[in-house]
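Subject: Structure for you to look at

Hello,

Here is the structure I said I would pass on. My notes follow below it.

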Amino acid sequence: MSQSTVAISAPGKVLLAGGYLVLDRQHTGLVFGLDARLHVHIQKLPTSPGVLLSEIIVRSPQFLDAEWRYGYRETEARGGIQVIQLKGNSTSQQSRNKFVETALAYALSYVSAVSKKKIGSASIMIIADTDYYSHPSSNSANPPRFVNFNVPLTGAHKTGLGSSAALVTSFTAAVLSHYLDHSQLALDSDSGRARLHNLAQAAHCAAQGKVGSGFDVAAAVYGSCVYRRFSPSILDGLGDVGSPNFSRRLEAVVEDSNPSVRWDMQIDKMGAVIPAGLRLLMCDVDCGSETVELVKKVLAWRKENPVEAALLWATLQKEGEDLAKELQRLAHESRANSYGFKDLSEIILTIRSLVREMSGRANVPIEPKVQTALLNACCQISGVVGGVVPGAGGYDAIALLVEDEALPSLQAFLNSYATASSNEDGPIVGKVRLLGVKQEMEGCRMEEPAMFADWMS
């Protein structure tokens, strides 16, 4: 068994088109990876000579008191590896980290199913790129890649870049790469990447307590793509860690070896492109939304109004496909004319109009008025082609398509932007920050462990 020192990262994501639709296999989502990455470093846990431990320590040193210690044991009847948080030995005051704990249990259970060698103790470190969270040092013109957020993890404000999916994916990949030899699982191969995807999807769904669309995990594994979700029935019957034969069922899901239930997601890497001269940027409004609550309300409206919802979703699907096609056309054709990005801008405006229509019918703030005002103001700047409140909407960071030469003007505008008071329910957008991220075509990848040396102590 390898037990080598490994560092792996996975990108953030932005669902530019297909919010809510991506939950249904009839529809697709246009998702772009972002070059803000979440990193996981894993190494053998140093011990004194002759001392044997069955302990895995997980740290997130950018946050206060963010350490979790786990014991682990192989359960009976091939139930997989049970992970137990050792609160008595931990200096952390943090509550249970369900994403870390579930990803660890699932990854170790898969390792135990495919390898007969003993699972040794390990030290795992999680490091997030600066733009995953809003923070006081955000105003720096050139913030470092990694910063000390100096708050408890529970007090950090996410920017909505998909941290849980990136965490589960990079964490799962790191654990597999640490405990399995390259001959057993090669993450740089198509089959290895597919198994990582399947395991990360299963773990992420278990941690969430529901089977989501999986677009965020797909982007973390594969990078930018047009995504059609997998059938939820694939994960039916998997059961819980510790149940009899869980590790065998998990192995079958990961290896896609059950002929009656095959993974059927569609991932089109060629369908998601950004033309030369254009950037996909994100603006942090430091508010954030509870995506689960937004989704529940929209799906309830859809169930109560199936006919009007079907018509609206079909129109949104067509516009999303037109957006992807126009981006592809621009990527492959010369923009040596004054027409420029006019069609692209009009498609985005149409999508926004349809989203606001759905927002009104479902009585859900998918594009809240303060976000509408911000988007409209940004789009008045020459070179800003268009923008949306991505994914499930709400008060997360907005996405903008911007010509390269417009960046200074956009930055200057945002430096002085402030919203007026709003009478609508929900937070008021105050200071707006242009995140230092852009589109990322590459998914999960190996990193050089030495880049995290400053955080090892």
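Helices here are DSSP runs of H or I with at least four residues, numbered from the N terminus. The model is a predicted one.

Helix 3 and a residue in it

On that definition, N198 belongs to helix 3. Its relative accessibility is 4%, so N198 counts as buried, the limit for that being under 20%. Setting aside residues up to four places away in sequence, N198 touches V253, V254, D256, W263 and M265.

Packing of helix 2 on helix 3

Two packed helices are described by the angle between their axes and the distance between the axes. Helix 2 covers residues 163-179 and helix 3 covers residues 190-208; they pack at an angle of about 125°, and their axes are 9 Å apart. Helix 2 is therefore oblique to helix 3. The crossing of helix 2 past helix 3 is right-handed. On the helix 2 side, the contact is made by S164, A165, V168, T169, T172, A173 and L176. Helix 3 contributes L196, L199, A200, A203 and H204. By type, the residues of this contact come to eight nonpolar and four polar, with no charged ones.

Helix 5

E251 sits in helix 5, which runs over residues 246-255. With a relative accessibility of 27%, E251 counts as partly exposed. Apart from neighbours within four places in sequence, E251 is in contact with Y110, A113 and V114.

- D65 has a phi near 55°, a positive value in a residue other than glycine. D65 is in the loop between strand 3 (55-59) and strand 4 (67-74). At 40% relative accessibility, D65 counts as partly exposed.
- N150 is not a glycine either, and its phi is positive at about 60°. N150 lies in the loop that runs between strand 7 (133-134) and strand 8 (157-158). Its relative accessibility is 52%, so N150 counts as exposed, for which the limit is over 50%.

Regards

Conventions:
Residues numbered from 1 in each chain as written. Predicted model: local features only at pLDDT ≥ 70, side-chain atom pairs only at ≥ 80, totals over all residues. Heavy atoms only, no water. Helix = DSSP H or I, 4+ residues; strand = E, 2+ residues; numbered from the N terminus. Buried < 20%, exposed > 50% of the residue type's maximum accessible area, 1.4 Å probe, protein only. Axes fitted to C-alpha atoms, helices over the stretch in contact; angles between N-to-C directions. Parallel < 35°, antiparallel > 145°, perpendicular 65-115°, else oblique. Left-handed = near helix turned anticlockwise from the far one by under 90°. Contact = heavy atoms within 4.5 Å. Nonpolar A, V, L, I, M, F, W, Y, C, P; charged D, E, K, R; others polar.
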